[in-house]
Amino acid sequence: MADLILYTNPQSRGRIARWMLEEIGQPYDTEIIAYDEIKSDLYLAVNPMGKVPAIRHREQVVTECAAICAYLADVFPEAGLGPNDDEKADYYRWMFYAAGPVEAAVSNQAMGWVPTAERERMLGYGNVDKVIAVLDELLSNRDYVCGDRFTAADVYVGSQLMFPMQFGMLPEKDSFLAYRDRLTAREAYKRGVEIDDRAQAELQPA
Ligand SMILES: N[C@@H](CCC(=O)N[C@@H](CS)C(=O)NCC(=O)O)C(=O)O
């Protein structure tokens with residue numbers, strides 16, 4: 001049994017953690033959690049939120065995709081996916097931006113909730129158009145979150161952008177499409193997709 005376990009469902013944000021694990025290249029085991037067992041006592045003991053993904057590394061559990069990406073980059077520095085000193089500002093800034101403002105703006109919009117102009121200042125993201133414009137400007141000026149080098153921040157920021165875009169929840173800006181093409185060309189990304197697609201087919205045989 002590996003030191004590292006991924007708890008996931010192939011139709012979930014667990015694909016983000018899977019991609020990150022494939023980038024890290026360490027051996028790991030997978031426990032597929034079906035949606036009808038996600039609120040079981042057994043799984044709630046791993047993540048009391050009853051949400052996937054989670055990872056267990058030795059005796060410790062990490063939940064939240066952004067934290068999982070940052071944690072793995074940190075504890076496996078040999079993969080070179082954490083930030084160098086001069087990359088830390090961008091790395092943390094944009095990873096937290098994607099986990100906070102981007103996630104909230106995209107989710108609220110998908111639920112059909114749009115804040116009134118007076119309420120925007122109470123929200124961490126203001127409005128969804130602003131969130132998109134800031135991301136567009138960032139990715140129009142650089143290839144990766146930290147400049148010209150791929151890091152764990154790209155696994156997370158890229159996923160927060162690619163998954164909503166795939167479902168029409170974010171616009172297909174040129175900068176987003178070019179970034180997506182750079183990320184999806186990665187071998188680790190392709191391996192992750194293949195593993196999860198296979199797991200999904202096994203859960204729902206044709
Ligand atoms: N903030 C969490 C979100 C995790 C999440 O929402 N997972 C969904 C699947 S994408 C889930 O487990 N839903 C099952 C449920 O709530 O019953 C993260 O970033 O990991």
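Arg 58 is placed in the loop between strands E3 and E4 (60-63), where strands (E, at least two residues) and helices (H or I, at least four residues) are DSSP runs numbered from the N terminus. Although Arg 58 is not a glycine, it has a positive phi of about 55°. This is a predicted model, in which local features need pLDDT of at least 70 and side-chain atom pairs count only at pLDDT 80 or more, while totals for chains, interfaces and linings use all residues. Residues are numbered from 1 along each chain as its sequence is written, and side-chain values use heavy atoms, with hydrogens and water left out.

Pro 53 belongs to the loop between helix H2 (41-44) and strand E3 (54-57). The peptide bond leading from Val 52 to Pro 53 is cis, with omega near 5°. Most residues other than glycine have a negative phi, and most peptide bonds are trans.

## Ligand surroundings

The residues surrounding the ligand include Val 52 and Pro 53, together with Ser 12, Tyr 35, Ile 38 and Glu 64; a residue is near the ligand if one of its heavy atoms lies within 4 Å. By class, this shell holds 5 nonpolar, 2 polar and 4 charged residues. Ala, Val, Leu, Ile, Met, Phe, Trp, Tyr, Cys and Pro count as nonpolar, Asp, Glu, Lys and Arg as charged, and the others, Gly among them, as polar.

Polar contacts are pairs of N or O atoms within 3.5 Å. In the side chain of Lys 51, an N or O atom is 2.8 Å from a ligand oxygen. For Arg 13, a polar side-chain atom lies 3.0 Å from an oxygen atom of the ligand, and a polar backbone atom of Cys 65 is 3.1 Å from a ligand oxygen. Of the 510 Å² of accessible area that the ligand has on its own, the protein covers 77% (Shrake-Rupley method, 1.4 Å probe).

## Overall fold

The protein has 8 helices and 4 strands, in the order β-α-β-α-β-β-α-α-α-α-α-α from the N terminus. Its C-alpha atoms fill a box of roughly 50 × 35 × 35 Å along the principal axes.

Terms used
A polar contact is a pair of N or O atoms within 3.5 Å; within protein, one must be able to donate a hydrogen and the other to accept it, and residues adjacent in sequence count only if both atoms are side-chain atoms.
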